[in-house]
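This report concerns a single protein chain. The sequence and the coordinates are shown first, and the description comes after them.

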Amino acid sequence: MPEYVNKTWSIIASAVVNNDLGSTAKIATDEGKGDRVPRLICVYTDDFSDLDDVKRVITKLVEMGLVDKSKSVYYKCDAYTYLSIASGNEYGLKASLYASKDVLTAPNK
């Protein structure tokens, strides 16, 4: 698993530096649990409400072979993370703003 994580992170980091993806990205540490634990990788866009840019980034991730079109990855603004808004929250909010399946089929504005 570490080789896969390192390879995937290298691809993401290079794409961010080359302005092919969002403005920044980060990867979760293994939290001392070893290399067999899946890692979350976040790719950020400048404006979470710019659906065309979100679609551009998700499309690029699909083209790079990092996102499977048959499965959804989810997109949310950082405020949700900082406010601990997750599934089943007390406010009844969805834990994410967009699902890649929906974004990929949405018409451009």
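The text below describes the overall fold, then selected residues. The model is a predicted one.

**Overall architecture**

Four helices and four strands make up the secondary structure of the chain. Their order along the sequence is α-β-β-α-β-α-β-α. The radius of gyration is 15 Å, close to the 13 Å that the globule rule gives for 109 residues, so the chain is as compact as a globular protein of that length. Along the principal axes, the C-alpha atoms fill a box of roughly 35 × 35 × 25 Å.

Of the contacts between residues at least 6 apart in sequence, 50% join residues at least 24 apart. Buried residues account for 27% of the 109 residues.

**Surface and charge**

The accessible surface of the chain is about 7500 Å², and carbon and sulfur atoms contribute 53% of that area. The chain carries 14 positive and 15 negative side chains. The centres of these two sets are 5 Å apart.

**Selected residues**

| Residue | Relative accessible area | State |
|---|---|---|
| Thr8 | 12% | buried |
| Cys77 | 9% | buried |
| Asn19 | 66% | exposed |
| Ser84 | 61% | exposed |

Thr8 belongs to helix α1, which spans residues 2-17. Thr8 is classed as buried because its relative accessible area of 12% is under the 20% cut-off. Leaving aside residues up to four places away in sequence, Thr8 touches Ile41 and Leu66.

The cysteines form another topic. A disulfide is a covalent bond between the sulfur atoms of two cysteines. A search of the whole structure finds zero disulfides. Cys42 takes part in none, and the nearest cysteine sulfur, that of Cys77, lies 12 Å away. Seen from Cys77, the closest cysteine sulfur is in Cys42, and the 12 Å between them is too far for a bond, since a disulfide requires the sulfur atoms to be within 2.5 Å.

Most residues other than glycine have a negative phi. Asn19, although not a glycine, has a positive phi of about 60°. Asn19 sits in the loop between α1 and β1, the latter covering residues 24-27. Ser84 also is a residue other than glycine with a positive phi, near 60°. Ser84 is located in the loop between α3 (78-82) and β4 (98-99). Asn19 is exposed, at 66% relative accessible area, and Ser84 is exposed, at 61%.

Notes:
Residues are numbered from 1 along each chain as its sequence is written. This is a predicted model: local features need pLDDT of at least 70, side-chain atom pairs count only at pLDDT 80 or more; totals for chains, interfaces and linings use all residues. Side-chain values use heavy atoms; hydrogens and water are left out. Helices (H or I, at least four residues) and strands (E, at least two) are DSSP runs, numbered from the N terminus. The radius of gyration is taken over C-alpha atoms; the globule rule is 2.2 Å times the number of residues to the power 0.38. Buried means under 20% relative accessible area, exposed over 50%, partly exposed in between (1.4 Å probe, protein chains only). Contact means heavy atoms within 4.5 Å. Accessible areas come from the Shrake-Rupley method with a 1.4 Å probe; for residues, only the protein chains shown count as cover. Lys and Arg count as positive and Asp and Glu as negative; His and the chain ends are not counted. The place of a charge is taken as NZ of Lys, CZ of Arg, CG of Asp or CD of Glu.
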